[in-house]
Every structure is written in C-alpha cells, then in structure tokens.
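Student: I'm new to this one, so please walk me through it step by step.

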Amino acid sequence: MAIIKIQGESEKKKGIYYEVDSEVEPIGEGGTGKVYEGRCVNKRTGETRPVAIKFLFADLPEQIVERARRESSIQLRNDNLIEMLGFIETETNHNNTVQKHFHVVSELLHGVSLTDLFDGKCTDSKGQVIPFAKKMLNIYSKDPDHFAKIIIKNVLSGLMALHDA
C-alpha cells in the first residue's frame, strides 16, 4: 500500500487533505487523466469520506489544465451535478527539476452509464446493485418516452444550476 497525500493551501486552511492508494487500479481513465477512488480526511475530527481524485496527465496543454482549474472552481451542490471539491497543484523535485502535478477532486458517485442501463445492467463496476438504476430501468422498459423526459429534465436542471452559478 503506497498512500499519496494531496493537500493544497486551501485544504491546509480547512484542516483537510486527500489521500489515495497509488497501488490500486484507477476507477476510470480519459483523455486528460486517470481517476482514483480516494478519501478526504478531516484532521480535526478524524472523519473521512470517499472522493474521486483525477490525476491529470503531465503532458497536457496549459489551456486544458486551466479549463480543469476553472471547472473545479465551480463548487455548488445540486442533485444533477457532481460536486467539485477542488483543484490541487503539487510539486515534486526529481534530479533538481521541479515537476508540477495537477489534481481535480470531486464527490465520488457509484452508478451505471446510460449505455449499460439500456443493456439492462443495474450494477456498478463492483457488482453492487444501484437502486436508482433499477428504478430507471423499470421506467425505461414500461415507458421509454417518460424515461427520456426524466433524463432530459434532470440534465437541464443541472445545466440551469451551472448557468446560474
């Protein structure tokens, strides 16, 4: 087990830090980085909560890093959006060369993609049944038009909250 501790100035002021086991497989990977399940640790209370931590790839263009920084600064709570918790910049020194590392931290959600739902799948990557997915699959099987309206309404609700912020 190799625990990586991630903390920026903002986290120091709040008395929290994030940690992730670097030996665990990522829960996702995309064009800008790898996402790991981590946890937020409150140093004052000892409480922890699960989070998602994206380790941005080192060779990303500056405008991509800045976009990630901007997007993670929109911190609001809405049932239809992932809550962004922060953007953390850290540095390491290798052979007298300072290398910057960028991390995006958000709430951790377990769910099912729409594609998987359409294929009848109601379990997450760990095989756990997601009750909301089961409910939505039931709605989809009985009334696809109603299902589509629910999805569109929730997406638009999230977009409106983002726009308002």
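Student: Which residues does S106 touch, leaving out those up to four places away in sequence?
Tutor: With contact meaning heavy atoms within 4.5 Å, S106 touches V51, A52, I82, E83, M84 and L85. Please keep in mind that this is a predicted model, in which local features need pLDDT of at least 70 and side-chain atom pairs count only at pLDDT 80 or more, while totals for chains, interfaces and linings use all residues. Residues are numbered from 1 along each chain as its sequence is written, and side-chain values use heavy atoms, with hydrogens and water left out.

Student: Where does S106 lie, and is it buried or exposed?
Tutor: S106 lies in strand β7, and it counts as buried because its relative accessible area is 11%. The cut-offs are under 20% relative accessible area for buried, over 50% for exposed, and partly exposed in between, using a 1.4 Å probe and protein chains only.

Student: What does β7 pair with?
Tutor: Strand β7, residues 97–107, is joined to β5 by five bridges, and the two strands run antiparallel; two strands are taken to pair if DSSP finds at least two bridges between them. Within that pairing, V105 in β7 is the bridge partner of I53.

Student: Which residues other than glycine have a positive phi?
Tutor: Among them are N95, with a positive phi of about 55 degrees although it is not a glycine, and N96, whose phi is near 60 degrees. As background, most residues other than glycine have a negative phi. The place of N95 is in the loop between β6 (84–94) and β7, and N96 is placed in the loop between β6 and β7 too. N95 counts as exposed because its relative accessibility is 77%, and N96 is exposed with a relative accessible area of 76%.

Student: Stepping back, how many helices and strands does the chain have?
Tutor: The protein chain has five helices and seven strands, where helices (H or I, at least four residues) and strands (E, at least two) are DSSP runs numbered from the N terminus. From the N terminus on, the order of elements is β-α-β-β-β-β-α-β-β-α-α-α. The C-alpha atoms fill a box of roughly 60 × 40 × 35 Å along the principal axes, and buried residues make up 32% of the 165 residues.

Student: How do α4 and α5 cross?
Tutor: The axes of helix α4 (residues 131–142) and α5 come within 5 Å and cross at roughly 135 degrees. Axes here are lines fitted to C-alpha atoms, for helices over the stretch in contact, and angles run from 0 to 180 degrees between N-to-C directions. The two helices are therefore oblique to each other, given that angles under 35 degrees count as roughly parallel, over 145 as roughly antiparallel, 65 to 115 as roughly perpendicular and the rest as oblique.

Student: Which residues meet there?
Tutor: On the α4 side they are M136, I139, Y140 and K142, which meet P144, H146, F147, I150 and I151 in α5.

Student: Where is A165, relative to α5, and what does it touch?
Tutor: A165 lies in the segment after α5 (144–164), and it counts as exposed because its relative accessibility is 68%. Not counting residues up to four places away in sequence, A165 touches I74 and L76. A165 and I74 are 91 residues apart in sequence, yet 7.4 Å apart in space, C-alpha to C-alpha.

Student: Changing topic, how many disulfides are there?
Tutor: The count comes to zero disulfides, a disulfide being a pair of cysteine sulfur atoms within 2.5 Å. As for individual cysteines, C40 counts as buried at 10% relative accessibility, and C122 counts as buried at 12%.
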